[in-house]
Amino acid sequence: MSPDDIRELFAGFGPVVVRRMFGGAGIFADGTMFALVHDGVIYLKADERNAPDFEREGLGPFTYMRRGERASLSSYRRMPDRFNDDPAELAVWARDALAAASRPPRKGRAARVSARARRGSAAAAVPYRRRGCSG
């Protein structure tokens, strides 16, 4: 699948930029990667809000080989093949994928700080500073 094919496929969604990466390509809108292409298959970004849509369709996560073993990335799910002929529905799912990619992740430092704050930890009241940084 060429970058021109991908741009044409997503035309109903809006302009996209296709960049080669990870042995495949990333698909970006407004500077945010919301989909990827690997071995000719498109995967859309999924999170807790839109993952049930993929599960209802029986669409699995992005899988790849890492050090000779199969690995998966559940934050990207296979796009339904029927979208190749249904640009209107692809546009809806692409908007949902872009929204998922734009939302902050649920886990990470912010979630840990929030968890500490909920527990009433003194560490939650002290802002994080890198060693050697002032301010």
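Predicted model: local features only at pLDDT ≥ 70, side-chain atom pairs only at ≥ 80, totals over all residues.

Residues are numbered from 1 along each chain as its sequence is written, and side-chain values use heavy atoms, with hydrogens and water left out.

The sheet, then. Six strands make an open, antiparallel sheet, in the order E1-E2-E3-E4-E6-E5. Strands here are DSSP runs of E, at least two residues, and helices are runs of H or I, at least four, numbered from the N terminus. Two strands pair if DSSP finds at least two bridges between them. At the edges are strand E1 (17–21) and E5, each pairing on one side only. On average, neighbouring strands of this sheet are turned by 35° against each other, direction ignored. Axes are lines fitted to C-alpha atoms, for helices over the stretch in contact, and angles run from 0 to 180 degrees between N-to-C directions.

Four bridges join strand E3 (residues 32–38) to E4 in the antiparallel sense. His38 has Val41 in E4 as its bridge partner. Helix H3 (residues 87–102) lies across strand E2 (24–29), E3 and E4, at about 120° to E3. Contact means heavy atoms within 4.5 Å.

Now the rings. Rings of Phe, Tyr and Trp (its six-membered ring) pair if their centres lie within 6.5 Å; planes under 30 degrees apart are stacked, over 60 edge-to-face, and the rest tilted. By this rule there are six aromatic pairs. One of them is Phe10 with Phe13, edge-to-face, 6.4 Å centre to centre with 75° between the planes. Tyr43 and Phe62 are edge-to-face because their ring centres are 5.0 Å apart and their planes at 70°. Tyr43 lies in strand E4 (residues 41–45) and Phe62 in strand E5 (residues 61–66), so this pair ties together parts 19 residues apart in sequence. Tyr43 is buried at 7% relative accessibility, and Phe62 is buried at 9%. Buried means under 20% relative accessible area, exposed over 50%, partly exposed in between (1.4 Å probe, protein chains only).

What does Asp47 touch, not counting residues up to four places away in sequence? Ala100 and Arg103. Asp47 sits in the loop between E4 and helix H2 (51–57), and is buried at 14%.
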